[in-house]
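User: I am new to this structure and would like to understand the terms used for it. Could you take me through them, setting each value against its definition?

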Amino acid sequence: MTSAPAADSLTLYGTPFASRVLLGTSRYPSLRALSDSIEAARPGMVTVALRRQMQAETAEAGFFDLLKRHAVPLLPNTAGCQTVDEAVTTAHMAREVFETDWIKLEVIGDDYTLQPDPLALIEAAGRLVKDGFKVLPYCTEDLVIARRLIDAGCEALMPWGAPIGTGKGIVNPYGLRTLRQRLQDVPLIVDAGLGVPSHACQVMEWGFDGVLLNTAVSQATEPAVMARAFAMAAEAGRAAYLAGPMDERDSAQASTPVVGMPFWHQDQG
């Protein structure tokens, strides 16, 4: 597969990344599966949830050593937070633990859908930006909320494709494509709900700047194989977007010219 131009890198807050795929680190069947998946996907960043990792996966010795060994930039997140103060406090703790100003901001407003609380998200984003964080907010495809987050100082957004962990793909194509069309100068990374590589390829063809994956890889029968498949799909989708797809038509149009061609099936009589 021909790679996209080197200059066409994912750039967030002025920082270029080697890949447009971001990879989560939770719910893998083993540390070996996680390590193999990171190696297969070669992600631009890997996410780590301070609260959940400290309670679960990190209890297995070697988790942080594994991340250091792969030398992939870390993107801590505030997964599990449901209030502004909770998210802000968790972000500050993550900055101390992981020694980075990057934060994926999550403020959940509904336990069933894990949909973000838009008002709390905007407030928390504003506070963290003022505190010097590079904030990547997990949001829905709502255009008005997206604009408010940009006004709060966010330079990139992470709209969902579907609720976290569902694997449904894009449940609102119109809303997501409208977001892309209206915010052309803002990096947009589709986060949550993607289930198979074709979902990633689709949003990359629409012009989205990247995808973040976790459950679709960690819960696959062969996580590393799926991780590589997603990486190739994202690369193919980006290449197709840069190539400029043909316009869709309502009627057939022959790809081979017919003017002047002989019709051998007619009688020559």
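Analyst: A crossing is called left-handed if the near helix is turned anticlockwise from the far one by less than a right angle, and right-handed if clockwise. Helices (H or I, at least four residues) and strands (E, at least two) are DSSP runs, numbered from the N terminus. This is a predicted model, in which local features need pLDDT of at least 70 and side-chain atom pairs count only at pLDDT 80 or more, while totals for chains, interfaces and linings use all residues. Residues are numbered from 1 along each chain as its sequence is written, and side-chain values use heavy atoms, with hydrogens and water left out.

User: In which hand does helix 5 pass helix 6, and what makes helix 5 roughly parallel to helix 6?

Analyst: The crossing of helix 5 with helix 6 is right-handed. Helix 5 (residues 118–130) and helix 6 (residues 143–151) pack with axes 9 Å apart at an angle of about 15°, where axes are lines fitted to C-alpha atoms, for helices over the stretch in contact, and angles run from 0 to 180 degrees between N-to-C directions. Angles under 35 degrees count as roughly parallel, over 145 as roughly antiparallel, 65 to 115 as roughly perpendicular and the rest as oblique, and helix 5 is therefore roughly parallel to helix 6. Pro118, Leu121, Ile122 and Ala125 of helix 5 make the contact with Ile145, Arg148 and Leu149 of helix 6, contact meaning heavy atoms within 4.5 Å.

User: Why is helix 1 called roughly parallel to helix 10?

Analyst: Helix 1 (residues 31–41) and helix 10 (residues 223–243) pack at about 20°, their axes being 8 Å apart, and that angle makes the two helices roughly parallel. Their crossing is right-handed.

User: How do you know how many disulfides there are?

Analyst: A disulfide is a pair of cysteine sulfur atoms within 2.5 Å, and by this rule the count is 0. For Cys154 the closest cysteine sulfur, in Cys139, is 8.6 Å away, which is too far for a bond.

User: What makes Cys154 count as buried or exposed?

Analyst: Buried means under 20% relative accessible area, exposed over 50%, and partly exposed in between (1.4 Å probe, protein chains only). Cys154 has 4% relative accessibility and therefore counts as buried, and Cys201, at 17%, is also buried.

User: Which residues cover the faces of strand 5?

Analyst: On strand 5 (residues 74–77), Leu74 and Pro76 lie on one side and Leu75 and Asn77 on the other, and all of them are buried.
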